[in-house]
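We will start with the whole chain, then zoom in on one residue.

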Amino acid sequence: MILQKIKRSKSPEKIYLLFDGGNLLPLKLDDFVLTKVKIGTEIDHSLYSRLSALSLYYLLLNYALRQVAISPKIESILHPKLLRHINFYFHKFSYSPIDTSKIINDVLAFLNQKNLLDPTTYANYLIRRHQSKSQNYLRQLFFHHHLDPLLLPSATDDLSKIKKLIAKKLKTSPKAMDFKTKNRLIGFLSRKSFAYNDIKTVIDELLSIG
């Protein structure tokens with residue numbers, strides 16, 4: 001296999017390597033310079049595998065950085081995304097068989113080194129994203145993602161959340177709440193994993209001051 005052409009891309013740091021067999025590899029310009037490969041160079045299997053690994057790492061790291069920029073991530077969230085995207089890249093470009101698990105680990109190691117997969121940051125993101133959910137719901141979510149339960153908000157926050165949700169649901173004064181409306185509210189709030197005792201406490205309080 002011979003390197004036939006080097007094509008520029010829209011990004012100043014990325015180039016495309018075009019080989020005589022039609023194979024196309026995207027690569028970071030700095031990585032290509034370090035390989036000291038020139039146009040017309042005969043590329044053996046070992047060198048092509050090295051170029052493939054450099055290319056995949058570059059693309060996968062950029063994808064991971066974009067994902068982290070969109071919203072906080074932790075390893076358990078990002079890892080399956082990287083696996084799926086590797087399949088996309090292998091379908092799009094002519095990679096040789098390479099150890100993709102090592103490349104994924106290298107990408108994750110870089111992100112961890114830069115503190116971009118911080119569990120506390122992700123925990124705070126989940127709390128903000130699900131701010132209307134109960135503490136029990138958040139506890140289950142934290143358990144699923146193996147996050148420290150000490151990062152959960154205070155249990156007393158559930159009472160204020162219940163009040164806000166009821167205020168949004170009711171179009172009349174709580175004092176005018178009938179039996180059917182009360183049961184409907186209890187069902188609605190229970191489905192959001194709020195404790196029955198907390199729901200009853202808030203409803204009784206609203207009825208007494210309504």
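Two residues are in contact when they have heavy atoms within 4.5 Å of each other. Keep that in mind for the first stop. This is a predicted model.

**Stop 1: the whole chain.** Select everything. Among contacts with a separation of 6 or more, 57% link residues 24 or more positions apart.

**Stop 2: the outline.** Along its principal axes, the C-alpha atoms fill a box of roughly 85 × 30 × 25 Å. The radius of gyration is 27 Å, whereas a compact globule of 210 residues would have one near 17 Å.

**Stop 3: the surface.** Of the 210 residues, 39% count as buried.

**Stop 4: K73.** Hide the surface and select K73. You are in the loop between α2 (45-70) and α3 (75-92). Which side chain of opposite charge is nearest to K73? It is D118, 14 Å away. K73 is buried, yet has no salt bridge.

**Stop 5: the partners of K73.** Show side chains here. What does the side chain of K73 reach at 2.9 Å? That is the backbone oxygen of Q67. Next, select S71: its side chain and that of K73 are joined by a polar contact of 2.7 Å.

**Stop 6: the neighbours.** Leave out residues up to four places away in sequence. K73 then touches Q67, V68, L78, K81, L116, L117, D118 and Y122.

Technical notes: Residues are numbered from 1 along each chain as its sequence is written. This is a predicted model: local features need pLDDT of at least 70, side-chain atom pairs count only at pLDDT 80 or more; totals for chains, interfaces and linings use all residues. Side-chain values use heavy atoms; hydrogens and water are left out. Helices (H or I, at least four residues) and strands (E, at least two) are DSSP runs, numbered from the N terminus. Buried means under 20% relative accessible area, exposed over 50%, partly exposed in between (1.4 Å probe, protein chains only). Lys and Arg count as positive and Asp and Glu as negative; His and the chain ends are not counted. A salt bridge is a side-chain nitrogen of Lys or Arg within 4 Å of a carboxyl oxygen of Asp or Glu. A polar contact is a pair of N or O atoms within 3.5 Å; within protein, one must be able to donate a hydrogen and the other to accept it, and residues adjacent in sequence count only if both atoms are side-chain atoms. The radius of gyration is taken over C-alpha atoms; the globule rule is 2.2 Å times the number of residues to the power 0.38.
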